[in-house]
Amino acid sequence: MPTPLTYLLVDGHNVINAWPELKREHRIASRRHLARTELLKRLRNLQDMSGMQVVVVFDGARQGTNEEREPQGLQIIFADPGTTADTIIERLVAKYIQERPMRVVSADGMIRETILSLGAEWYSPEILRSLCDGAETSMRARLA
């Protein structure tokens with residue numbers, strides 16, 4: 001029986017605020033989209049090179065929970081204004097941890113404790129940066 005696909009759940013705004021170069025862009029309203037675009041680009045590269053399914057959850061600015069799924073790409077979820085990305089991540093881990101390996105990226109200590117108690121792995125935003133850097137190095141080596 002094949003090994004189930006590992007899911008990497010990323011708290012998008014949490015990572016944006018933890019990575020200085022993204023945080024700088026995000027502070028300027030007219031450039032916020034650039035921070036999100038850069039994060040998603042790096043996560044696409046990681047997904048392509050690692051084989052993990054990456055799910056990015058953002059705290060919502062839109063009405064109602066909204067989900068986007070790129071063909072063979074990232075799954076992006078925007079939480080509704082009354083729900084946080086943390087809540088969605090916790091629910092996803094609780095629902096799917098028995099079916100597949102789950103890893104969560106967040107700098108939030110409460111999320112870390114909750115998802116670890118549910119059986120998921122936890123990564124800091126710094127670990128995610130290292131994974132993205134490694135994926136991009138591997139990608140460049142393949143293309144050279």
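**Entry 1**

I took exposed as over 50% relative accessible area, buried as under 20% and partly exposed as in between, with a 1.4 Å probe and protein chains only. The model is predicted, so I note that local features need pLDDT of at least 70, that side-chain atom pairs count only at pLDDT 80 or more, and that totals for chains, interfaces and linings use all residues. Residues are numbered from 1 along each chain as its sequence is written, and side-chain values use heavy atoms, with hydrogens and water left out.

**Entry 2: helix H4, buried side**

I listed the buried residues of H4 as Ala85, Ile88, Ile89, Leu92 and Val93. Viewed down the axis of H4, these fall within an arc of 130 degrees, so they line one face of the helix. The arc is taken from the directions from the helix axis to the C-beta atoms. An α-helix has 3.6 residues a turn, so residues three or four places apart point the same way. I then looked up what covers these buried residues, and it includes strands S1 (7-11), S2 (53-58), S4 (75-78) and S5 (102-105), and helix H5 (109-118).

**Entry 3: H4 against H5**

I found that the axes of H4 and H5 come within 9 Å and cross at roughly 10 degrees. That makes H4 roughly parallel to H5, a term for angles under 35 degrees, while over 145 is roughly antiparallel. Axes are lines fitted to C-alpha atoms, for helices over the stretch in contact, and angles run from 0 to 180 degrees between N-to-C directions. In H4, Asp86, Glu90, Val93 and Ala94 meet Ile111, Thr114, Ile115 and Leu118 in H5, where contact means heavy atoms within 4.5 Å.

**Entry 4: H2 against H3**

I checked H2 (residues 20-27) and H3 (residues 32-50), whose axes come within 6 Å and cross at roughly 150 degrees. H2 and H3 are therefore roughly antiparallel to each other. Leu22, Glu25, His26 and Arg27 in H2 meet Arg32, Leu34, Ala35, Glu38 and Leu39 in H3.

**Entry 5: the chain**

I counted 6 helices and 6 strands, both being DSSP runs numbered from the N terminus, helices (H or I) of at least four residues and strands (E) of at least two. From the N terminus the order is β-α-α-α-β-β-β-α-β-α-β-α. Of the 144 residues, 40% count as buried.

Key: Angles under 35 degrees count as roughly parallel, over 145 as roughly antiparallel, 65 to 115 as roughly perpendicular and the rest as oblique.
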